[in-house]
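At each stop, take a moment to look around before reading on.

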Amino acid sequence: MYTIALIPLAKYVFIVLKANDNGEGGTFSLYSLICRYAKVNLLPNQQPSDEKISSFKLKLPTPELERSLRIKESLERSTKLKTLLLLLVLMGTSMVIGDGILTPAISVMSAVSGLQDEISSFTEDTVVIVSIIFLVILFSIQQFGTSKVGMTFAPALLIWFFSLGSIGLYNIISHDVTVLRAFNPVYIYYFFKRNTIKAWMSLGGCVLCITGAEAMFADLGHFSVRSIQIAFTCVVFPCLLLAYMGQAAYLMKHPSEVEKVFYASIPDGLFWPVFVIATIAAMIASQAMISATFSCIKMSMSLGCFPRLKIIHTSRRFMGQIYIPVMNWFLMIMCVLVCACFRSTTEISNAYGIAEVGVMMVTTSLVTLVMVLIWQKNIFLAICFPVLFGSIELTYFSAVLMKVGEGGWLPLVFATCFLIVMYIWNYGSVLKYQSEVRKKVSMDLMLELGSNLGTIRVPGIGLVYSELVRGVPAVFGQFLTSLPAIHSIIVFVCIKYVPVPVVPQDERFLFRRICPRDYNMFRCVARYGYKDIRKEHYEAFEQLLIESLEKFLRKEALELALENESINVDSEDESVDSKGAGPSNGFTDSLRTPLMADQRHTQSGASSRRLSGASTSSGLPTSVMSADEDPSLEYDLSSLREAKESGVVYLVGHGDVKARKDSWFLKKLVINYFYAFMRANCRAGPANLSVPHTNLLQVSMTYTV
C-alpha cells in the first residue's frame, strides 16, 4: 500500500511527470532537457540558432541562483561528467528495452496461468505454449499500429480496474475487515521486527505492484500530464488498494493459497469474465511497454546513440505511433525464449524487479539534476527528493539483487548488451564527426579554385549530404576530383536532430551562403526533433528545400538593401569600399554588410568577393522584396529556376571508419570491428536519408579516427 502511494503516486504522478520535455517523457527526454540547458552532448554540432526554435525555450537561471550556473559550467567543462551522464541515460534506456522483453512475457504468462486451476488438464507445458501463441499474435499485429484498436483500450482498462476494486471490496467485507488496520504504518515496523531478513527479502515481491510506473512516464507523449494525474489518483490508485487489501483479507482465512491468490480470491461464477478481461489487460500492458520501447529507441537514434533502423509511422493522426520492424521481431524472439526457458512467472518476476528498480533509480538521478539545474528549486527540496525516494529504491534494489541467481541475471545481461551497443555507436559517431571537422576543405582552397571550382559547372542542383553544420565537407573534394563537371548550384545538406521533441515545419530549414555570391553554394541545415518522423517523399523534401532557398535569397537581398540605405543616410557610421560599384542598384559585390557578420571580402580589380555568413530559417515571408527591383536577386532566382528544371542530384559519401595505427588495441577492436560491423548492417545512408537511387551519386571516404 505504502509502496504504491510513495513511488507511482507521490514520485511519478506528482513530481516526475512534471519533468517532461514539452509533453514527452522517459530517460532520453530528461537527457534532452538537460542538453538544451547545458552543452553536455558529446556530439559537437550545436549552433546558437538552435536556441531560436520556438520549442527550445527554457527558463534561464536568474542572477540570484548562481548554483545553477556553477553546475552548468562544471558539466560543460568536464568531458568525464558528460560521459558519466550519457552512460547513466544509456543505462536507464537499456533497462527500459529490457522491460520491453520481460513485460509481455510475465504479463501474458500470469494471465494464462490462471487456467491451471480451472482446467485440470492444463499443464505447465500448455501454459508455455498458449503464452507463446499469444505473444506471437501480439507482436505480429504491431505492424498495423494501435490507432484502430486503441479506442478499445480505455473501456477495457476501466472494466479491469472496476473489477479489481469490486472484487477487492467484496473480499474485505466477506473475509476480514480488520485488514484495514494496515493503514497504520506502525504495522510496517512490527512486520520487520518480527520477520527481519525474510521481511527484507519480501520487498522484492512488492516491486511487482509498481512495475508500470516507468512505462507511464515513457508513454507520456500519448497523454497529458493532467489526464494521467486524474486517472491515477481517482481510478487506478483506489482500485489497486482495494484489490490488494481484498487479497490480504482472503489470505487471512486461506493462507495456503498465497501462490495463486488472485484467481483463487475471485468469487464463484466470475472466473471466466475476469480471466478474459485479465488477458486483455495483460495484452494492453504489453502493448504499452512495446510502444515505450519503440519510442526510446527512436529517441536514441535521433540523439546519435543507437544504430540506424527502419522506422514506420503507423498513423497519420498520431505522430508518436511508430513501428520498428527489426526491434519488433527481436523483442518477440526474446519474449518467446524467456517463456520457453524460464517456464515460470516466479523466475521472470525476479528478473523483472531488477530492471524496474534500476530504471527508477536512473530517473531519480536525472530528475534531481533537472530540479537543481533547470527548475532551480531550493537546495533543501532538491536534496530531499533523492534522499527520500532514492533511499526507498535502494532498499528495494538491495532486496531484488538477492534474486540474481534465480533469474535476476537476465535483465542485467540485456541491459549490459544494449548499453555496450549504444555506447559504441555513440563513441564511433562522435569520433567520425570529429574526423570530418578536421578534414573539411579550407576556404582558402575554395577561393583559389574560383567560381568554377576548377571544373565545369552544368545546370542543375547538387545536394551534398554531410553531417557537418559548418564548413565544406571533405567528401565534396572527392566529388570535385572524381566528376568531370559539377552542378551550377550546390547545397550542402545536413540532417540534424536537435534536443527538442518537435521542430515546427516553418522553422525546419536554416540556410547560409558559402563562398562568394558567384559560387552559388549554400549550407542547409534541416533540423528535426527526436519525435519528428522524416516521412516526406523526396520530391516533397526537394520542393520544401528549394522554396526555403528562394525565401533565403529574398531575405538576403532585403537585408543588403536595408543596410545599403542606412549607409547612404549616414556615411560616417560605416566605411564602405565602393570602388567599382554600380551606379543604380547598390547590390554590388563590394558592399560590406554588418548584418552579414561573418562576411570576408577578397578584393580583385574592380570588385571584391563576399563570403556571406547570413543565415535565416525558412519561416520567412514568401515575397519580402520584389525581384523586379533588384537585378541581382532576379539573376539568382532565375538561376535557381533553371537549375531546378535541370534536375536535382544527391551526392552522398559512403564512409569507412578506421582507427589510427597508433591507437590502443581496445580502440582498434571497438572501431575496426564492432562499430564497423554495426555500420555495415544498419540502415544505409541513402535509405536513411530518403534518397532516390536514380538520382544518386556516391563516393567512398575513409575516416581515420
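**The whole protein**

Before selecting anything, bear in mind that what you see is a predicted model. Show it as a cartoon, and the 705 residues of the protein can be followed through 23 helices and 11 strands. If you colour by accessibility, 52% of the residues count as buried, while the accessible surface comes to about 32,100 Å², of which 61% belongs to carbon and sulfur atoms. Among contacts between residues at least 6 apart in sequence, 81% join residues at least 24 apart, and the next stops show particular pairs of residues that come together in the fold.

**Salt bridges**

The count of salt bridges comes to 11. Begin by selecting E393 and K11, whose side chains meet in a salt bridge with N and O 2.4 Å apart. Because E393 belongs to helix α16 (residues 379–401) and K11 to helix α1 (residues 2–13), this pair ties together parts that are 382 residues apart in sequence. Both E393 and K11 are buried.

Next select D21 and R36, which form another salt bridge, the closest N and O atoms being 2.5 Å apart. D21 sits in the loop between α1 and α2 (27–37), whereas R36 is in helix α2, and the two are 15 residues apart. D21 is buried, with a relative accessible area of 0%, and R36 also counts as buried, at 7% relative accessibility.

Now move to E124 and R343, where the closest N and O atoms of the salt bridge are 3.7 Å apart. E124 is in helix α6 (residues 124–140) and R343 is in the loop between α14 and α15 (345–375), so the pair ties together parts that are 219 residues apart in sequence. Here E124 is partly exposed, with a relative accessible area of 41%, and R343 counts as partly exposed as well, at 28%.

To finish this part, select R513, R517, E556 and D636 together, and you will have a network of linked salt bridges on display.

**A buried asparagine**

N328 is buried, since its relative accessible area is 0%.

C209 is in no disulfide, and the nearest cysteine sulfur, that of C206, is 6.0 Å away. At 19% relative accessibility C209 counts as buried, because the cut-off for buried is under 20%.

Then go to C341, where the closest cysteine sulfur, in C339, is 9.6 Å from the sulfur of C341 and therefore too far for a bond. C341 is exposed, with a relative accessible area of 59%.

Note on methods:
Residues are numbered from 1 along each chain as its sequence is written. This is a predicted model: local features need pLDDT of at least 70, side-chain atom pairs count only at pLDDT 80 or more; totals for chains, interfaces and linings use all residues. Side-chain values use heavy atoms; hydrogens and water are left out. Buried means under 20% relative accessible area, exposed over 50%, partly exposed in between (1.4 Å probe, protein chains only). A disulfide is a pair of cysteine sulfur atoms within 2.5 Å. Helices (H or I, at least four residues) and strands (E, at least two) are DSSP runs, numbered from the N terminus. Contact means heavy atoms within 4.5 Å. Accessible areas come from the Shrake-Rupley method with a 1.4 Å probe; for residues, only the protein chains shown count as cover. A salt bridge is a side-chain nitrogen of Lys or Arg within 4 Å of a carboxyl oxygen of Asp or Glu.
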